[in-house]
Amino acid sequence: MGKHDDRFLGRSPRVFPMCRRFAGVVTYSGVVVGMAFLVCCVFWMTDFRRWGNFGVRETAGVGGRSGVDSFLLLRERERASYNRLMHYILHPQAPCLTQKIFGGKRGKNKKLDGDKVVCLEPGPGISEECIVYSFGVADEWSFEESIRDKLGCRVFAFDPSMGATDHLHSDGISFYDAGLGEFDGKIKVNGGTWKMRTLDSIVRELGHSNRTIDVLKMDIEGAEYVVLEDILAKGLLNRVNHLCVELHLGHS
């Protein structure tokens, strides 16, 4: 064989290195595509299961629709409800001429978090011997201390997640190891037991049955929806002058 046949015997310096580079590119691209697919599965597996109708299958959807149609209709209703809620939040129906901000701390992004706004006028304002119910403290007392110092209110704070017993936190601020719920009883959370009380039970136990709650503050990590339903059903908001709620909009 002549020298021109050497390239067919593997002696060419170009052919096989180029093949190896091409194989490396293909392998790397496959790894990237595989990782992207895994990320999509993590974030959208719930939707994929519903779209593919895997797992628990619905024989009849909303109004007799198929599973996929029902899912689309549910998402459409969720978006509509969310849009109405955000419009209500961003466009208050009643103007507030005088408002005060209580509590809150600045995080790493320098934004204030945990603050609550109370409208002083127009409206019922704050009584001279005001009382404040604060549900959800997480051992961050800026709201309770701020409203006590600025308005002189007596504050009753509640949080079953802190692992603390009932005590006097400081002058004018009492702490109770209990959570606000739609029933009276106990629940198991992360291996612990939380005592839960309805608002009317707490009012009765504190001897405030003939009092008006000047400020009712709730930051109870998503439980505000069932609690508000219970409060509204019992007509208890008629005895609350100011309601400060942190809404949690996340869903699985």
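Let's start with helix α2. It covers residues 67–90, and it gives the most to a nonpolar patch: four residues. This is a predicted model, so keep that in mind throughout.

Who is in the patch? The members are Y82, Y88, I89, L90, Y225, L247 and L249. They sit on the surface, and together they have about 680 Å² of accessible area.

Take one member, Y225. You will find Y225 in helix α5. Is Y225 buried, partly exposed or exposed? Its relative accessibility is 35%, so it counts as partly exposed.

Now step back to the whole chain. There are five helices and 13 strands. The chain has 252 residues, and buried ones make up 29% of them. The chain exposes about 17100 Å². Carbon and sulfur atoms supply 56% of that area.

Spot one is a cis peptide bond. It joins E121 and P122, with omega at about -5°. Where is P122? Look in the loop between β4, residues 116–121, and β5, residues 131–135.

Spot two is A138. Its phi is positive, about 55°, although A138 is not a glycine. A138 is in the loop between β5 and α3, and α3 covers residues 142–151. Is A138 buried or exposed? At 59% relative accessibility, A138 counts as exposed, because the cut-off for that word is over 50%.

E221 has 59% relative accessibility, so E221 counts as exposed.

Last topic: confidence. The chain averages a pLDDT of 79. A score of at least 70 is reached by 69% of the residues.

Which stretches stay under 50? One is residues 6–11. For that stretch, the model has four contacts beyond four places in sequence. Another is residues 42–65. That stretch has 23 contacts beyond four places in sequence.

How should we treat such places? Where pLDDT is low, the predicted coordinates should not be read in detail.

To recap. Helix α2 gives four residues to the nonpolar patch. A cis peptide bond joins E121 and P122.

Key:
Residues numbered from 1 in each chain as written. Predicted model: local features only at pLDDT ≥ 70, side-chain atom pairs only at ≥ 80, totals over all residues. Heavy atoms only, no water. Helix = DSSP H or I, 4+ residues; strand = E, 2+ residues; numbered from the N terminus. Buried < 20%, exposed > 50% of the residue type's maximum accessible area, 1.4 Å probe, protein only. Areas by Shrake-Rupley, 256 points an atom, 1.4 Å probe, with all protein chains shown as cover. pLDDT = per-residue confidence, 0-100. Contact = heavy atoms within 4.5 Å. Patch = residues over 30% accessible without salt bridge, like charges linked within 9 Å, V, L, I, M, F, W, Y side chains within 5 Å. Salt bridge = Lys/Arg side-chain N within 4 Å of Asp/Glu carboxyl O.
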